[in-house]
Amino acid sequence: MGLWNYIWSLFHSTPEDQTFDKPWRTVNWSDREPMLQKLREFQSNHGVDHLRILVVGPAGAGKSAFITSVNTALQGRNTYLAHSLTGGSSVTGKYTVYKLIKGTEGSFFPFVFGDTVGLEKDSYDAHTKDIINILHGHVPEGYTFDPLSELTAGSNDFNRTPSLNDKVHCLVFVLPADTITQIPDEINIKMKEILKKARELGISVVVIVSKVDEASPLVKENLEMIYRSKKIKESMKECNVNLGVPLNYIFPVKNYHEEINNNAEIDILILMALTNIVNFANDFVEASEKPWRPVNWSDREPMLQTLREFQSNQSVDHLRILVVGPAGAGKSAFITSVNTVLQGRNTYLAHSLTGGSSVTGKYTVYKLNKGTEGSFFPFVFGDTVGLEKDSYDAHTKDIINILQGHVREGYTFDPLRELTAENNDFNRTPSLSDKVHCLVFVLPANTITHIPDEIYNKMKQVLKKGHELGIPVVVIVSKVDEGCPIVKENLKMIYRSKKIKESMKECNVKLGVPLNYIFPVKNYHEEINNNAEIDILILMAVTNIVNFANDFVERIL
């Protein structure tokens, strides 16, 4: 089928709708039944009666048609559910919530779709405040939108004490591929207001790009060309630019319109989108439960002050913290982020790259300026070459020598040979100040399950020696924003995220480090100003690391 599609596209694509050589998103076009079966077997978190999905978009974009099409795909037959018209005016006048029958009488899928008035240029639609109130769970099902006045807390229809069940668990925008660049600024502004509030609440946001057949003649002729059409990808990028929603949360579909029988390709695209929406909604519900580790999100200044006043044991010049991990995990970025937090401004300290290769070539030790000239915090961070599968990194023996204080600061790692006692950089008589007082591994949340065994074996060798020496071991789980979409939207959800806890458990299983010594953080990456939530997570980790290091020094004296 792939070769036939390619030959077919050569004769049918137009200059306005060119194709990519290969599809840029993989679709198994024979996967309809397995996807349907998974959705039939899906069970939502027991903390809610059902997952609540809110559908929002411009009038005539296909919101109601999308809900009906989802129902058609699930029922396997033509259905009539949400009212829809093909024009540019809104049909929906109420906040209508649709339950989808599972097949047997009285049995429903564990998710519902909320339909709203389509957004329009003028004021004859729902107030954005009304839609925001729906997100919060303040608006009861069946509420009739009033274009002249928004719902207020004084109204009888206002739900003052919404439960998690009443709140929205996933927000879905529906935008038409054929007119996506022509959506008026007034409507884009309304959508951005709603989007901003959803992000503040940690609600996952998905975009459905509808009317793909009207946007692309190629796709109209053959729906399997959808992920090879440049026009469709351009429409998706337009959503990405206008709303800031990442491409992996944007799904192009064709709603049922003139078809009276189910079409496998239409179903598959809708089921792909629905599966992701339902999973995102369930992730949100699970994350909305009580955080499993308490965080005082207003505690930044007290924690900073505690670290500024901290004094290490007088037996050492400073506490020595060694940072180790796979190449590209964020070791150097973590050290720089610690410095950024302590200085209260954007800083440049340890070199870091976003790729999967190591930047550090030397054993570099960083002192962190305390503020006044010549004054430093009583702890230092040692950075090492990132561990890699092949031998082009530091020998584990070199890192073990650092633990024991045998490696002088500034030593350049040699991938061809390890440091020996005969080398001038080998410290034969290390003092307690030269030795490492806390060992910190940095592992990335987004790829933690893909770290090769060869790298884990290297870390375990280092870890074993650390345990033999009695050195405390901490794990920093980095890139939490890339590991969980809910955390990316709202960092305060970090200790409610099931995905982040799973990443931490993976560290616990692979390295044997207890969960209370594992700290998830977000390193500074694109931010140029300090962020309170990023700072607090890093300060929690650093405070524990420093205390553990000091405990070690006092214990061995």
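Which residues do ring pairs link into a cluster? In this predicted model, the cluster consists of Phe 66, Phe 109, Phe 111 and Phe 113, linked by ring pairs.

**View 1. Ring pair of Phe 109 and Phe 111.** The count of aromatic pairs in the structure comes to 11. For Phe 109 and Phe 111, the ring centres lie 5.4 Å apart and the planes stand at 35°, so the pair is tilted. Phe 109 and Phe 111 are both buried.

**View 2. Ring pair of Trp 292 and Tyr 495.** The ring centres of Trp 292 and Tyr 495 are 5.1 Å apart with the planes at 85°, so this pair is edge-to-face. The pair links distant parts of the chain, 203 residues apart, with Trp 292 in the loop between helix 9 (264-288) and helix 10 (300-309) and Tyr 495 in the loop between helix 15 and helix 16 (498-511). Trp 292 counts as partly exposed at 28% relative accessibility, whereas Tyr 495 counts as buried at 3%.

**View 3. Surroundings of Thr 79.** Thr 79 sits in the loop between helix 3 (63-75) and strand 2 (96-101), and is buried, with a relative accessible area of 12%. Beyond its neighbours within four places in sequence, Thr 79 is in contact with Thr 68, Asn 71 and Thr 72; the side chains of Thr 79 and Asn 71 are joined by a polar contact of 3.4 Å.

How values were computed. Residues numbered from 1 in each chain as written. Predicted model: local features only at pLDDT ≥ 70, side-chain atom pairs only at ≥ 80, totals over all residues. Heavy atoms only, no water. Helix = DSSP H or I, 4+ residues; strand = E, 2+ residues; numbered from the N terminus. Buried < 20%, exposed > 50% of the residue type's maximum accessible area, 1.4 Å probe, protein only. Polar contact = N/O pair within 3.5 Å; in protein donor to acceptor, adjacent residues only side chain to side chain. Contact = heavy atoms within 4.5 Å. Phe/Tyr/Trp six-rings, centres within 6.5 Å; stacked < 30°, edge-to-face > 60°.
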